[in-house]
Amino acid sequence: MIVAMDKWTVARTLDEIAQYIELSDPNPFRARAFEKAARKVETLEADLGDLVKRGELSSVSGIGKATGAIIEEIVNTGQSRYLDELREQYPPGIFDLLRVPALGLKKIGVLFSELGVSDLETLEQAAREGRVAKLKGFGAKTQQKILEGIEVARNRTSKHLLTFGLHAGETLREQLASIDVIEDAEVTGSVRRRLEVIQNVNIAVAARDPKKAIAAIKKRKLLDAIEELDENTLRGTGREDVVVFIHIVTPENFGSCVLVTTGSREFVEGFLAHGKLTKARTEHDLFEKNGIAFVEPELREDAAPLKKKKRVTLIQPTDLRGTFHIHTTYSDGRHSVLQMLEEARERGFEYAGLSDHSQAAFYARGLKPDDLKRQHAEIDRASEEVAPLRVFRGTEADILNDGAIDYGAKILSKFDFVIASIHSRFGMEKDEMTDRILRALDDPHVTFLGHATGRKLLVRDGYTFEFDKIFDRCAERGVMIEINGNPYRLDLDWRHVRRAIDRGVGFSIHPDAHSTREMSHVISGTWVARKAGLTAKQIFNTKPVDEVAEYLAARRKRALAAG
DNA sequence: GCCGTTTTCGGCCCGACTGTTTTCAGTCG
């Protein structure tokens, strides 16, 4: 029987092979060839199974004899013997070492073959004994960096991205809710508060007989290493070793349980200063009985919101009428102009702004002026097909090292909007970086400041600059800051969004989508906006299409007049 | 490993930075 392997699985397999090759093969282009084939497979318009059946795989540019044979095998059998062989040659957790900053696949390959390093523990031992510094291409400084990096990696492995916690929590919640002795279940804790990085997952469960519920949960084996902490609490570990707490109470105590396990501690203490944990089936009932206006979970990092007399209506994903910052195959996106626009239309958007990388972003295949002409023609054609969706032509232009915007005024004036982003020289000194961004904000073509700090959660901190100076200049120049909804970025941080709003800065929620699937990052973007306490009115892309078009046109006119 | 042709080999998006080196390799974006 033919196993219908989807192209994503095939691409993942090719990527994994590429990683193994890079560990051992001195020729970097061999690994790259596999990566290239993976990207090709992903963006294939034709059905992969059909191509294999008709023997037309090798007609695809980038797929040759070797990669073609592997793809064919995966499509037909669901696996690759070549990958299996590679896996056998290395310890299973070898790629976990990539979490150590300064370690790439080349160094990991050497550490493994020369010292037998297979995980963080063996790496630490080798470094402490000074064996790493003696390796060719390594030295005392690298060894020290590795030791520091191990700590960073350890710290990161105990933490998880919110998107992971949310998915893990919701999956578990559904499984728990389907158990017959369980009446209700809700994900609480820092996941419910939508904190960007979480340490554990909490779930509140309501059951008439908690003892029976605990027995049923244990029997289902939904978690590993499950243990009873007390008569109401289970602890276990889920995927990727995430620690999960399940709190089981009777239905009349469910409201209190949800409130207390959602936290934060400061908020709960503040609540108890004003009210009591009376019997209540829902959290809303509990607030009502205490005469306290409901506080959205996202706002519960401290007790301050308890003082509000009325519940605040925060922005919701459905408030968004369109978005900007969408990449296509013209730069480093995986889907075509038309595919991305169709996705926007299917999401019910009234408008979508395309913005591929500018020429300075080599590594992301940034567009040269000639490519822009081709792309603009293609956008025009695609726009007709996706009507009534309104399409805006933009760019994600690099902020160059001196703060100038890539392309220059003549080309920038051709776009409906410009997202200015930093993609190079992250390590600049604070003052220099501040000046660099300030100068960028002075360019009248700039509409949005993209991923303002450049952070990648659990991977790297953002670059440093003087926030207030940047916020004030944004407000002064009318440059909006994007809330980048990529779950790895969530940049600008919600704490800073609050600060910037107070200084009069405008915000817009963008997916930074590199595929149709990533258009959903607008939803993670609303996590940040909600956590910052924003209402729909405070976000640019909740405005109707006419208003947005008018604003962009007026801004463009001003830029033209400015020169 | 793949491609293309000036067709069976040579090149394969680039640049800053760092640490290892004395001319370059690995990492990161």
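Lys and Arg count as positive and Asp and Glu as negative. In this predicted model, a negative surface patch is formed by four residues: Glu429, Asp431, Glu432 and Asp435. Glu429 lies in the loop between strand 11 (417–421) and helix 18 (430–442). Is Glu429 buried or exposed? Its relative accessibility is 59%, so Glu429 counts as exposed. The cut-off for this class is over 50% relative accessible area.

Backbone geometry gave further features. Most residues other than glycine have a negative phi, and most peptide bonds are trans. Two peptide bonds described here are cis. One runs from Gly263 to Ser264, with omega near -10°. Ser264 sits in the loop between helix 12 (254–262) and helix 13 (265–274). Another cis bond joins Asp491 to Leu492, with omega near 15°. Leu492 belongs to the loop between strand 13 (480–484) and helix 20 (494–502).

The loop between strand 13 and helix 20 also holds Leu490. Leu490 is not a glycine, yet its phi is positive, at about 40°. Leu490 counts as buried because its relative accessibility is 3%. Buried means under 20% relative accessible area.

A positive phi was also computed for Ala102, at about 80°, although Ala102 is not a glycine. Ala102 is found in the loop between helix 5 (81–89) and helix 6 (105–115). With 44% relative accessibility, Ala102 counts as partly exposed.

Methods: Residues numbered from 1 in each chain as written. Chains lettered and ligands numbered in written order. Predicted model: local features only at pLDDT ≥ 70, side-chain atom pairs only at ≥ 80, totals over all residues. Heavy atoms only, no water. Patch = residues over 30% accessible without salt bridge, like charges linked within 9 Å, V, L, I, M, F, W, Y side chains within 5 Å. Areas by Shrake-Rupley, 256 points an atom, 1.4 Å probe, with all protein chains shown as cover. Salt bridge = Lys/Arg side-chain N within 4 Å of Asp/Glu carboxyl O. Charge placed at Lys NZ, Arg CZ, Asp CG, Glu CD. Helix = DSSP H or I, 4+ residues; strand = E, 2+ residues; numbered from the N terminus. Buried < 20%, exposed > 50% of the residue type's maximum accessible area, 1.4 Å probe, protein only.
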